[in-house]
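Thanks, everyone. Let me put the model on the screen, and then we can walk through it together.

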Amino acid sequence: RLSLPLLLALGLLASCTAPGAGSAEYAPSDADRAAITDVVQRAFDAIETNDQAAWAEVLTSKGMFSSIRGAAGERRIGFQTYAEAAANTTPPPNAYLERWWDPIIMVDGDIATVWTPYDFLIDGKFSHSGIDVIVLLRSDAGWKIASIAWNVESEPREGAPEIAQLEAPAVPTEVFLVVAVPGQPAELRLKQADAHHFPLSTRDE
């Protein structure tokens, strides 16, 4: 016969793996998934464009940004209210881009959470990565972000999308002719019929 402790352990295991015990119970409808994904993407787009008006459209009137970084013994926790963030209208000195992928979205009635890996690029180069935990509430106007919390890691996350390399702007190659006419200043001309003339000097060659 099975012992009582073993029976209890098997019962606990069954309860943990039963249908509805995990995130499937809170899986969003297709409509909610699309709406929540759109709101989060618009928030990250607002980071890229530094668009305060766009931020205001996806946030609740009051809320909080929270972050944690640093190793054990040196952890730093930061907080910033939406109002404090909105008051900082100084354009960022660099180009920012936050990317996210493979989100886990859970919904229960009018509350939702998004747990997603992210990375943050500055001027197209990796800066840091981590996990975003985003809480949304369904208002009469639709889903709004009530809070965003994230951790900060210095290494790229496994499974992150490849970072596209920025291409250098194409530099047109022009062909020039040096035109020297006795008694006239030498000229540099584009090898085209209607090219402009660029004097090389003011002396006769």
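Start with the largest pocket, which holds about 860 Å³ of space. Its centre has Ile47, Trp55, Phe65, Gln80 and Ala85 as the closest of 27 lining residues. A word on terms. On a 1 Å grid over the protein atoms alone, a pocket is an open set of points with protein on both sides within 12 Å along at least five of seven lines, while a cavity is a set where a 1.4 Å probe fits but cannot get out. Lining residues have an atom within 4 Å of a point. Grid points join across faces, edges and corners, and the volume is the space filled by probe spheres set on those points.

This is a predicted model: local features need pLDDT of at least 70, side-chain atom pairs count only at pLDDT 80 or more, and totals for chains, interfaces and linings use all residues. Residues are numbered from 1 along each chain as its sequence is written, and side-chain values use heavy atoms, with hydrogens and water left out.

Now the overall layout. The protein chain has 4 helices and 10 strands. These are DSSP runs numbered from the N terminus: helices are H or I with at least four residues, strands are E with at least two. In sequence order, the pattern is α-α-α-β-β-α-β-β-β-β-β-β-β-β. Of the 205 residues in the chain, 24% are buried. Buried means under 20% relative accessible area, exposed means over 50%, and partly exposed is in between, with a 1.4 Å probe and protein chains only.

Next, salt bridges. The whole structure has 6 of them. The criterion is a side-chain nitrogen of Lys or Arg within 4 Å of a carboxyl oxygen of Asp or Glu.

Take arginine 42 and glutamate 57. Their closest N and O atoms are 3.4 Å apart. Arginine 42 sits in helix 2 and glutamate 57 in helix 3, 15 residues apart. Arginine 42 is partly exposed at 31%. Glutamate 57 is also partly exposed, at 47%.

Second, aspartate 119 and arginine 99. This salt bridge has its closest N and O atoms 2.7 Å apart. Aspartate 119 lies in strand 5 and arginine 99 in strand 3, so the pair ties together parts 20 residues apart in sequence. Are these two buried or exposed? Both aspartate 119 and arginine 99 are buried.

Third, aspartate 110 and arginine 138. The closest N and O atoms of this salt bridge are 2.7 Å apart. Aspartate 110 is in the loop between strand 4 (104–108) and strand 5, arginine 138 is in strand 6, and 28 residues separate them. Aspartate 110 is partly exposed, with a relative accessible area of 46%. For arginine 138 the value is 33%, again partly exposed. Shared partners join Asp32, Asp110 and Arg138 into one salt-bridge network.

Isoleucine 111 is in strand 5. At 40% relative accessibility, isoleucine 111 counts as partly exposed. Its C-alpha is 9.7 Å from that of alanine 146, 35 residues away in sequence. Glutamate 155 lies in the loop between strand 7 and strand 8 (176–179). Glutamate 155 is exposed at 53%. From its C-alpha to that of glycine 130, 25 residues apart along the chain, the separation is 8.8 Å.

Last, backbone. Most residues other than glycine have a negative phi. Asparagine 50 has a positive one, near 55°. Asparagine 50 sits in the loop between helix 2 and helix 3, and at 29% relative accessibility counts as partly exposed. Aspartate 123 also has a positive phi, about 55°. Its place is the loop between strand 5 and strand 6. Aspartate 123 is partly exposed, at 39%.
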